[in-house]
Amino acid sequence: MSGLQAIRYTRGKLDVLDQLRLPHENHYDQVSTSEEAFDCIKSMRVRGAPAIAIVAALAHGVELHNGSCKASTSDEAIAYIDSRLDYLKESRPTAVDLTNAITHLKNTIRSVDVSGKDSSAARSAIVDAYIAAAEEIFRKDTETNLLIGEHGSKWLLENAPVKSADGKVSALTHCNTGSLATSGHGTALGIIRSLHTAGHLYHAFCTETRPYNQGSRLTAFELVYEKIPSTLITDSMAAALFATKKSEKHIAAVIVGADRVVRNGDTANKVGTYALAVLAKYHGIKFIVAAPTTSIDLQTVSGADIQIEERKPEELTQISGAVVGKDGKVDVHRSERVATAHQEIGVWNPAFDVTPAELIDAVVTERGVVVKVGRGQFDFKGIMPERW
Ligand code: MRU
């Protein structure tokens, strides 16, 4: 298990690693209210579908623990918690984990038996049930990711179109789906981590992931931290890599995470994922989506109905990083923002794109691997836990 932790929590205290400062600086922000969580998520100091949901759920738990709920009846307590959760839901729209977590938390507080309790005891019971459920979401996430790692690595080893002479596979991943995007281990990067731990990984490639550079800032950081044999490429180098059928560059699979997998298997993930899926199909490379069942949205029929978040132009026209001195050394204490394009150019900045189910070979969940029958659609009903 990785020592990297995006989220540190003990009851009443939540600290979140500021990912905008990575890979140069490890700084944790204390997040104690819904407003602080909203800002932390919106500004992408924490990001990644599972981590967003966990931070929102726990932050409100901390707020409740600190006595923010002044309701005098159980109905008022439920209404108060609902309003905080509805507010948090607006922080980022595309990842469904947050919505699923909120639905689960709302159902949980409604299932508390308050009969025979006075109003103060009823309020405490609701608050306690909320906090326990939020903590359970956090705890379960790592367990889930370890299972995804196990199922995904087994499936890939059985279905890899190419292996090294000693039976290992090389894979490419996009964006960041590791310990930093989850409570630990990760989803797509978790599969790569599991392959490496079991001695089955030949080489990992990660894309830079423009414009936010989660690949170069975060995934590269995790791969180096874990001492996993790995190489960084720009997003535009993927086709050249896939055409290289030599040594560690002979890629068996693209493994990505998901912000939302809808009923037919269409998958929203970091922009650039769709292009990789098209390229993978052309080159006979397996395309794997690693997603906990909390990232699956059976209410939405197809990818056309997914709301894609659009972000500000400056993410394309400016970049920030630590200053590199004349001696070539990185000064982690000096960060600078620089312009990389004319500041008046029009910009389109969708944070995600939708990969059609047709291009996806397998969706790996904690409850098993789902594949299509022939060229048909995915059917997730059999693997969904009851609560969703
Ligand atoms: O905009 P981000 O950084 O929140 O986007 C993250 C991704 O697209 C991840 O690949 C996805 O959330 C899966 S995280 C395990």
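The dialogue below goes through the sheets, cores, ligand surroundings and backbone details of a predicted model.

Colleague: Which conventions should I keep in mind before reading the model?

Modeller: Residues are numbered from 1 along each chain as its sequence is written, and side-chain values use heavy atoms, with hydrogens and water left out. As the model is predicted, local features need pLDDT of at least 70 and side-chain atom pairs count only at pLDDT 80 or more, while totals for chains, interfaces and linings use all residues.

Colleague: How are strands and their pairing defined, and in which order do the 3 strands of the open sheet lie?

Modeller: Helices (H or I, at least four residues) and strands (E, at least two) are DSSP runs numbered from the N terminus, and two strands pair if DSSP finds at least two bridges between them. Here the order is β1-β2-β3 with antiparallel pairing, and the edge strands, each pairing on one side only, are β1 (7-10) and β3 (28-30). Strand β2 (residues 13-17) is joined to β3 by 3 bridges, and D15 has Q30 as its bridge partner in β3.

Colleague: With which strands does β10 pair, and is the pairing parallel or antiparallel?

Modeller: Strand β10 runs parallel to β7 (residues 251-256), with 4 bridges joining the two, and β10 also pairs in the parallel sense with β15 (residues 362-365) over 3 bridges.

Colleague: What is a nonpolar core, and which residues touch the most other members of the largest one?

Modeller: A nonpolar core is a set of buried Ala, Val, Leu, Ile, Met, Phe, Trp, Tyr and Cys residues joined through side-chain atoms within 4.5 Å. The largest has 51 residues, of which I7, L14, L58, L105 and Y130 touch the most other members. Among the elements that each supply at least two residues of this core are β1, β2 and α5 (119-159), while α2 gives the most, with 11 residues. Taking contact as heavy atoms within 4.5 Å, I7 touches residues including L14, L58, F138 and T182, when residues up to four places away in sequence are not counted.

Colleague: How many residues surround the ligand, and which are the closest?

Modeller: A residue is near a molecule if one of its heavy atoms lies within 4 Å of it; 17 residues surround the ligand, the closest being R47, R92, Q214, D259 and K270. A polar contact is a pair of N or O atoms within 3.5 Å; within protein, one must be able to donate a hydrogen and the other to accept it, and residues adjacent in sequence count only if both atoms are side-chain atoms. Polar side-chain atoms lie 2.8 Å from a ligand oxygen atom for R47 and 2.7 Å from a ligand oxygen atom for D259, whereas A49 places a backbone N or O atom 2.9 Å from an oxygen atom of the ligand.

Terms used
Buried < 20%, exposed > 50% of the residue type's maximum accessible area, 1.4 Å probe, protein only.
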